[in-house]
Amino acid sequence: MKNVFKITLLALFVVGGLQAQEVRFAGTAGYTLATAKIDIPEFGDESESESGFYFGLVAEFDLTESIELRPELTYVNVDDTSFLQVPILAKFGIAESGFSLLAGPTVTYTLEDVDDVFTRFNIALGAGVSYDITANLFAEARYAFQLNNYYTGDEVDDLTSRINFLNIGLGYRF
């Protein structure tokens with residue numbers, strides 16, 4: 001719970017510091033593919049993928065003419081498991097093409113009960129592309145690669161567990 005408070009304070013500080021900037025809001029929704037990977041050195045690694053959906057809200061702050069800051073709050077549901085994702089992405093426009101590159105950290109919080117040997121908080125590095133179809137409608141695809149170990153227990157030495165997310169969807173600016 002302390003981490004949620006710290007992340008909320010950081011987000012408010014960043015958003016508060018950007019108040020002078022023009023801000024646009026958007027809604028997003030789409031398809032999610034979550035891939036869980038577990039590696040136990042003595043037995044090898046296993047992975048399993050499940051499909052789901054996501055929807056959320058985005059704020060877009062202009063930092064320069066071609067760079068934006070895009071904090072998001074996204075609800076993700078995969079195989080009856082719910083997550084809350086908070087990506088804080090930089091959006092780098094590519095000339096006047098309508099294409100942009102996305103990159104930045106993503107915090108994922110598991111909303112369901114988890115075993116005590118797993119953490120609810122996961123930190124990922126996200127990257128992707130976005131395309132402005134019109135001034136209000138955009139499409140995007142991004143991948144979030146988890147950096148920390150989902151497994152926090154000490155029953156199995158050197159066990160690593162990660163969940164990576166691929167989000168593909170549409171967004172609409174209000």
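Reply: Phenylalanine 138 touches Ala26, Thr28, Arg70, Ser130, Tyr131, Asp132, Ile133, Gly169, Leu170, Gly171, Tyr172 and Arg173, where residues up to four places away in sequence are not counted and a contact means heavy atoms within 4.5 Å. This is a predicted model, in which local features need pLDDT of at least 70 and side-chain atom pairs count only at pLDDT 80 or more, while totals for chains, interfaces and linings use all residues. Residues are numbered from 1 along each chain as its sequence is written, and side-chain values use heavy atoms, with hydrogens and water left out.

Phenylalanine 138 belongs to strand E7, residues 137–146, strands (E, at least two residues) and helices (H or I, at least four) being DSSP runs numbered from the N terminus. With a relative accessible area of 0%, phenylalanine 138 is buried, a term that means under 20% relative accessible area, whereas exposed means over 50% and partly exposed lies in between (1.4 Å probe, protein chains only).

Of its 174 residues, 35% count as buried, and among contacts between residues at least 6 apart in sequence, 53% join residues at least 24 apart.

The largest nonpolar core consists of eight residues, namely Ala34, Tyr54, Val76, Val78, Phe83, Tyr150, Ile163 and Phe165; such a core is a set of buried Ala, Val, Leu, Ile, Met, Phe, Trp, Tyr and Cys residues joined through side-chain atoms within 4.5 Å. Strand E3 (67–78) and strand E8 (160–173) each supply at least two residues of this core. Alanine 34, one of the core residues, has contacts that include Val78, Ile163 and Phe165, as well as Glu48 and Asn164, with residues up to four places away in sequence again left out.

Beyond strand E3, the loop between E3 and strand E4 (81–93) holds aspartate 79, and aspartate 80 is found in this loop too. Most residues other than glycine have a negative phi. Aspartate 79, however, has a positive phi near 50 degrees, and the phi of aspartate 80 is likewise positive, near 65 degrees. Aspartate 80 counts as exposed because its relative accessibility is 68%, whereas phenylalanine 138 is buried at 0%.
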